Amino acid sequence: MEIFRQEISGSADMLKRAYAAGVPMLCGTESGFAITPYGHWHYREMEVFVEHLGMSPLEAIKCGTKDNAYALKLEGKTGAIVEDHLADVIILDGDPLADISVLGERDRLRHVLVGGRAVDLERPQPPRRPIPGWRVSQFATQILTHDIVTSSRGSA
């Protein structure tokens, strides 16, 4: 964790200047290895943008939706809630414009639509199997999951 903190603090000023100069910022997942497995950490990049780059929550959300769609050449197909766009939507009990961290609180999810279809949030989440290419590095001995992190927060 300290390595990530140093990386963020060491690059925050440069990234702030770049964003202020009009350079688009995109949200990634940092996924694919033991410390950040795919599917658990998508909101964290937006938190970093708000907490360390000084963006508003709406600006950070735009970086993770509309701007990512543009960068992936999917503009006009996804990245906005409009007719004829792919419909992946989350509905929360909370306001991410007031507190961006609610995006990462699974117990705040009220509805999830993937491809326009509702996801049954009462059904147990299937266990994640490692995706080919995931790797455990010198920083971890196992694949870190959201459940492991949240269960250790109370004891830290």
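The side chains of glutamate 105 and arginine 108 come together in a salt bridge, with 3.1 Å from N to O; the term stands for a side-chain nitrogen of Lys or Arg within 4 Å of a carboxyl oxygen of Asp or Glu. How accessible are these two residues? Glutamate 105 has 28% relative accessibility and counts as partly exposed, and arginine 108, at 27%, counts as partly exposed too. That label covers the range between buried, which is under 20% relative accessible area, and exposed, which is over 50% (1.4 Å probe, protein chains only).

Before we go on, a word on the model. It is a predicted one, in which local features need pLDDT of at least 70 and side-chain atom pairs count only at pLDDT 80 or more, while totals for chains, interfaces and linings use all residues. Residues are numbered from 1 along each chain as its sequence is written, and side-chain values use heavy atoms, with hydrogens and water left out. The predictor's confidence in each residue, pLDDT, runs from 0 to 100. Its mean over the chain is 82, and 72% of the residues reach 70 or more. Where is confidence lowest, and where is it highest? Helix α5 (residues 146-153) has the lowest mean, 63, and helix α3 (residues 57-64) the highest, 94.

Let us return to the salt bridges, of which the whole structure has 4. One of them joins arginine 110 and aspartate 93, at 3.1 Å from N to O. This pair links distant parts of the chain, 17 residues apart: arginine 110 sits in strand β2 (residues 109-114), and aspartate 93 in the loop between β1 (89-92) and β2. Arginine 110 is partly exposed at 40% relative accessibility, as is aspartate 93 at 42%.

Strand β2 also leads us to the sheet. This is an open sheet of 3 strands in the order β1-β2-β3, with antiparallel pairing. The edge strands, β1 and β3 (117-118), each pair on one side only. Two strands count as paired if DSSP finds at least two bridges between them, and 2 bridges join β2 to β3. In one of these strands, β3, alanine 118 is the bridge partner of leucine 113.

Now for the helices, which are DSSP runs of H or I with at least four residues, just as strands are runs of E with at least two, numbered from the N terminus. Helix α1 (residues 2-20) has 19 residues and reaches 27 Å from its first C-alpha to its last, close to the expected 27 Å; the expected span is 1.5 Å times one less than the number of residues. There is a kink of about 45° in α1, centred on alanine 12, where the bend is the angle between axes fitted to the seven residues ending there and the seven starting there. Aspartate 13 and lysine 16 form another salt bridge, at 4.0 Å from N to O. Because they are 3 residues apart in α1, about one helical turn separates them. Lysine 16 is partly exposed, at 36% relative accessibility. Just after α1, glycine 22 takes a positive phi of about 100°.

Our last stop is threonine 65, in the loop between α3 and α4 (66-71). A polar atom of the threonine 65 side chain lies 2.8 Å from the backbone oxygen of isoleucine 61. Threonine 65 counts as partly exposed, at 32% relative accessibility.

Methods. Polar contact = N/O pair within 3.5 Å; in protein donor to acceptor, adjacent residues only side chain to side chain.
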